Protein chains: 2
Amino acid sequence: MNDIREHDFTVGEVPGVLWSPPSARSGTPLILMGHGGGNHKKSPAMTGRAQLLLAAGFHVAVIDAPGHGDRPRTAHDEQEIAELYRARAAGEPEGPIVVRYNAHLAAQAVPEWQSALDALQKLPEMDPEAPVGYYGINMGTAIGVPFVAAEPRIKAAVFGLHWPDALAEHARQITIPIEFTMQWHDEHIPRESALTLFDAFASKEKTLHANAGKHKELPRFEAASAVRFFTRHLSV
Amino acid sequence: MNDIREHDFTVGEVPGVLWSPPSARSGTPLILMGHGGGNHKKSPAMTGRAQLLLAAGFHVAVIDAPGHGDRPRTAHDEQEIAELYRARAAGEPEGPIVVRYNAHLAAQAVPEWQSALDALQKLPEMDPEAPVGYYGINMGTAIGVPFVAAEPRIKAAVFGLHWPDALAEHARQITIPIEFTMQWHDEHIPRESALTLFDAFASKEKTLHANAGKHKELPRFEAASAVRFFTRHLSV
């Protein structure tokens, strides 16, 4: 990334990365990004979205989720991943396993995100008063919805592509502006489930983007839409 | 509008307006816009959207719908409008009246749009080979969906805020890229009805934008989204 400052950090056991744009100054907002399942903080989806956000003048930070990236897998992680692969191979629905495993990871990841945000706001290059947003789909939503529900420092969030089962109760506590994305022909998440999760957010300002296509066919232009959403709500 | 050329025209009995940007050249795409019920070709919603489209380099044309703007109202128009006001005052649902009246207007308006497009493509400032889009919500969708279903010259369309009753059969004939907007708390159009109409489009590329709020609370940023949609699909 040209002219971008990359700052690798560790908070407790959790490795993360902060990218800062050349335009960074007092007041520059920070976007926290949660990566997807099986992925990590510097995966192409993260660096691609980060580039768009950095070009729009945001700081961007990502941490590795439990059992992901540079973090060790526990026996429980291995067991759940094996179970997911088994269900996939058998043509069984993967929803129940993903929902259960992601909720387990979220219980650990929410306090990790809070500590990471504490540490990020103390860095010399960061303004602790600047607005903070959260952007995560798939597992980034499974962790992000309970995190945002618990964290009043987050002022706008982009979510999507998850089930309501473990998340709707948290979504009902969220009142900040939300952009939520779903796939109209998702083979894993039933249409009604996605609509139910979107409906659960208590936010006065919320937008659903539903695109034709299967689970993995989320159009690239939704990332640019997320950046505009954060610019609308967080720019100072 | 600065540096914009405004060209008032009449095709048969139908008055219309063509706005052209200073950047117009061979290949500049044309967006046809359909206005809402009770409105007209130069209403603020039309000129506001036109300004965004012109700034993005599109030609924009609008015609008055039957019984609207500079066109005479028939006894049937007066009767349907009176019935709509009566239902509103009585707190009765206006959907059945709007659906019926708009379908009546669409039967007349579809061939009018086709003739208008014929005439527009013959103007010296227009390139008959340039791509054409259609943009209309509310009554602009009631007329636009059957028009686009019947008109192969339209290559991308933005619709929204209408019922499926008279439109789903036409939507099933439409395969071009679509952006469709609905209001999540629409007091006139049930949520399920809006989702049913979106679902009916046969387009491989289609996007639903659902925003929190009532029927008349469609956010302004959806107009900018429509412009980006046309830029993505029609720019040459």
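A helix crossing is termed left-handed if the near helix is turned anticlockwise from the far one by less than a right angle, and right-handed if clockwise. The structure examined is a predicted model, in which local features need pLDDT of at least 70 and side-chain atom pairs count only at pLDDT 80 or more, whereas totals for chains, interfaces and linings use all residues. Residues are numbered from 1 along each chain as its sequence is written, with chains lettered from A and ligands numbered from 1 in the order in which they are written.

Helices (DSSP runs of H or I, at least four residues) and strands (runs of E, at least two) are numbered from the N terminus. In chain B, the crossing of α1(B) and α7(B) is right-handed. Helix α1 (residues 44–55) of chain B packs against helix α7 (residues 221–234) of chain B at an angle of about 40 degrees, and their axes are 10 Å apart. Axes here are lines fitted to C-alpha atoms, for helices over the stretch in contact, and angles run from 0 to 180 degrees between N-to-C directions. The pair α1(B) and α7(B) is therefore oblique, given that angles under 35 degrees count as roughly parallel, over 145 as roughly antiparallel, 65 to 115 as roughly perpendicular and the rest as oblique. Gly48(B), Arg49(B), Leu52(B) and Leu53(B) of α1(B) form the contact with Ala223(B), Ala224(B) and Val227(B) of α7(B), contact being defined by C-beta atoms, placed from the backbone, that lie within 7 Å. By class, five residues of this contact between α1(B) and α7(B) are nonpolar, one is polar and one is charged. In this classification Ala, Val, Leu, Ile, Met, Phe, Trp, Tyr, Cys and Pro count as nonpolar, Asp, Glu, Lys and Arg as charged, and the others, Gly among them, as polar.

From α3(B), Asn102(B), Ala103(B), Leu105(B), Ala106(B), Ala109(B), Val110(B) and Trp113(B) meet Met139(B), Ala142(B), Ile143(B), Pro146(B), Phe147(B) and Ala150(B) of α4(B). The contact of α3(B) with α4(B) comprises 12 nonpolar residues, one polar and no charged.

Helix α6 (residues 191–200) of chain B has Ala194(B), Leu195(B), Leu197(B) and Phe198(B) as its buried residues. A residue is buried if 20 or more other C-beta atoms lie within 10 Å of its own, exposed if 12 or fewer, and partly exposed in between. The buried residues of α6(B) pack against α5 (168–171), β7 (178–183) and β8 (206–211) of chain B.

Arg172(B) is located in the loop between α5 and β7 of chain B. Arg172(B) is partly exposed, with 13 other C-beta atoms within 10 Å. Residues up to four places away in sequence aside, Arg172(B) touches Ala200(B) and Ala202(B). In chain A, Arg100(A) belongs to helix α3 (residues 95–121) and counts as partly exposed, with 13 C-beta neighbours inside 10 Å.

The contact between the chains takes 12 residues from chain A and 12 residues from chain B. On the side of chain A that touches chain B, β8 (206–211) and α7 (221–234) of chain A each supply at least two residues, and the largest share, six residues, comes from β8(A).

Definitions and conventions
Two residues are in contact if their C-beta atoms, placed from the backbone, lie within 7 Å.
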